[in-house]
Amino acid sequence: MSTARIHPSILSADFANLERELQRIHTADGVHVDVMDNHFVPNLTLGKPVVEALHKVSELPIDVHLMIEDADRWAPEYAQLGVDSVTFHVEASAAPIRLARELRAAGSKAAMALRPATSVEPYLDMLGELDMLLLMTVEPGFGGQKFLDLVLPKIRRARAAIDGSGKPIALQIDGGVSRDTILRAAEAGADVFVAGSAVYASPEPSVEIDVLRNLALGAH
Ligand SMILES: O=C(CO)[C@H](O)[C@H](O)COP(=O)(O)O
Ligand SMILES: [Fe+2]
């Protein structure tokens, strides 16, 4: 593995100034947009109109993380907006293979997320349907939580399976990523890192992104 991509989460940004908040992360590799519905997780953020507005002004690829019930019904509508990738939670999908195919058919990359306590093993045979696998390193719902080290073995197993597949599937982690945790996640095999509070709490978010990326690259 020779890459480390940093996707700041705008969950920790100033929602009254999202365009300006995008400019503050211009050194990033993508922007992570957390959509929460108050059902799949106990928090409510934003939906399609805001994703569409961000897409119009963002120079960075948009990575939509859907934390919503009934992903089969709603996720394709996000893919149709022209964003780079749409991530649905496997726990919220009745037919993840069909959904991943629909996302690709709608023109976006297809990504699937697992909560920290969801095993990756049942899904290894469908990795080829995905452009990215997201392993949550906190319980989804809120920014600013502590990184769960108990996910590290799952990251290692997913990395081995992705390498074995020979396919260019990204392995993203999300939650609690900071200067203190990014190296061990990278050593376990993650290559796309979502960081919300660590980036936006910094006085210089664009510099913090470079610091995090360099720390992750130290694992290679
Ligand atoms: O999906 C998420 C929460 O469900 C966020 O992307 C994540 O929590 C980022 O925030 P932080 O880096 O502060 O943990
Ligand atoms: Fe997220």
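Gly176 is in contact with Thr137, Val138, Gln145, Lys146, Phe147, Leu148 and Thr181, leaving aside its neighbours within four places in sequence. The model is predicted. UniProt, in an unreviewed entry, lists Gly176 under "binding site".

- Gly176 is found in the loop between β7 and α6 (182-188).
- Gly176 has 25 other C-beta atoms within 10 Å, so it is buried; the cut-off for buried is 20 or more.
- Gly143 lies in another loop, the one between β6 (132-136) and α5 (152-165).
- With 21 C-beta neighbours inside 10 Å, Gly143 also counts as buried.
- Beyond four places in sequence, Gly143 is in contact with Ser9, Leu11, Ser12, Gly196 and Ser197.
- The "binding site" annotation of the unreviewed UniProt entry that includes Gly176 also includes Ser9, Gly143, Gly196 and Ser197.

**Shell around ligand 1**

- Which residues come nearest to ligand 1? They are Ser9, Pro140, Gly143, Gly196 and Ser197, out of 23 residues around it.
- By type, the shell divides into nine nonpolar, 12 polar and two charged residues.
- Four elements each supply at least two residues of this shell: β2 (31-36), β3 (62-67), β8 (192-195) and α7 (197-200).

**Annotated aspartates**

- The unreviewed UniProt entry marks Asp34 and Asp174 as "active site".
- Asp34 sits in strand β2.
- Asp34 counts as buried because 25 C-beta neighbours fall inside 10 Å.
- Contacts of Asp34, apart from neighbours within four places in sequence, are Ser9, Leu11, Thr45, His65 and Met67.
- Asp174 belongs to strand β7 (residues 170-174).
- Asp174 counts as buried too, with 26 C-beta neighbours inside 10 Å.
- Not counting residues up to four places away in sequence, Asp174 touches His65, Leu134, Met136, Thr137 and Val194.

- A "binding site" annotation in the unreviewed UniProt entry covers His32, Asp34, His65 and Asp174.
- These residues are spread over 143 residues of sequence but cluster in space, with a largest C-alpha distance of 10.6 Å.
- His32 lies in strand β2, where Asp34 also has its place.
- Is His32 buried or exposed? His32 is buried, with 28 other C-beta atoms within 10 Å.
- His32 touches His7, Pro8, Ser9, Asp63, His65 and Val194, residues up to four places away in sequence not counted.

**Nonpolar core**

- The largest nonpolar core has 67 residues.
- Leu66, Val86, Ile155 and Phe193 have the most contacts inside that core.
- Ile155 is in contact with Leu135, Leu171, Ile173, Ala185, Ala188, Gly189 and Ala190, once neighbours within four places in sequence are left aside.
- In soluble globular proteins, nonpolar side chains tend to be buried together.

**Helix α3**

- Helix α3 (residues 71-79) has Ala71, Ala75, Tyr78 and Ala79 as its buried residues.
- They cover an arc of only 100 degrees around the axis, which puts them on the same side of α3.
- The buried residues of α3 pack against α2 (48-57), β3, β4 (85-89) and α4 (96-105).
- Strand β3 is also one of the elements that supply the shell around ligand 1.

**An exposed loop position**

- Pro42 is placed in the loop between β2 and α2.
- Pro42 counts as exposed, with 11 C-beta neighbours inside 10 Å; the limit for exposed is 12 or fewer.
- From C-alpha to C-alpha, Pro42 and Thr27 are 31 Å apart in space, and 15 residues apart in sequence.

Key:
Residues are numbered from 1 along each chain as its sequence is written. Chains are lettered from A and ligands numbered from 1 in the order in which they are written. This is a predicted model: local features need pLDDT of at least 70, side-chain atom pairs count only at pLDDT 80 or more; totals for chains, interfaces and linings use all residues. A residue is near a molecule or strand if its C-beta atom, placed from the backbone, lies within 6 Å of it. Ala, Val, Leu, Ile, Met, Phe, Trp, Tyr, Cys and Pro count as nonpolar, Asp, Glu, Lys and Arg as charged, and the others, Gly among them, as polar. A nonpolar core is a set of buried Ala, Val, Leu, Ile, Met, Phe, Trp, Tyr and Cys residues joined through C-beta atoms within 7 Å. Two residues are in contact if their C-beta atoms, placed from the backbone, lie within 7 Å. UniProt positions are given in the numbering used here, feature names are shortened, and annotations may be inferred rather than shown by experiment. The arc is that of the directions from the helix axis to the C-beta atoms.
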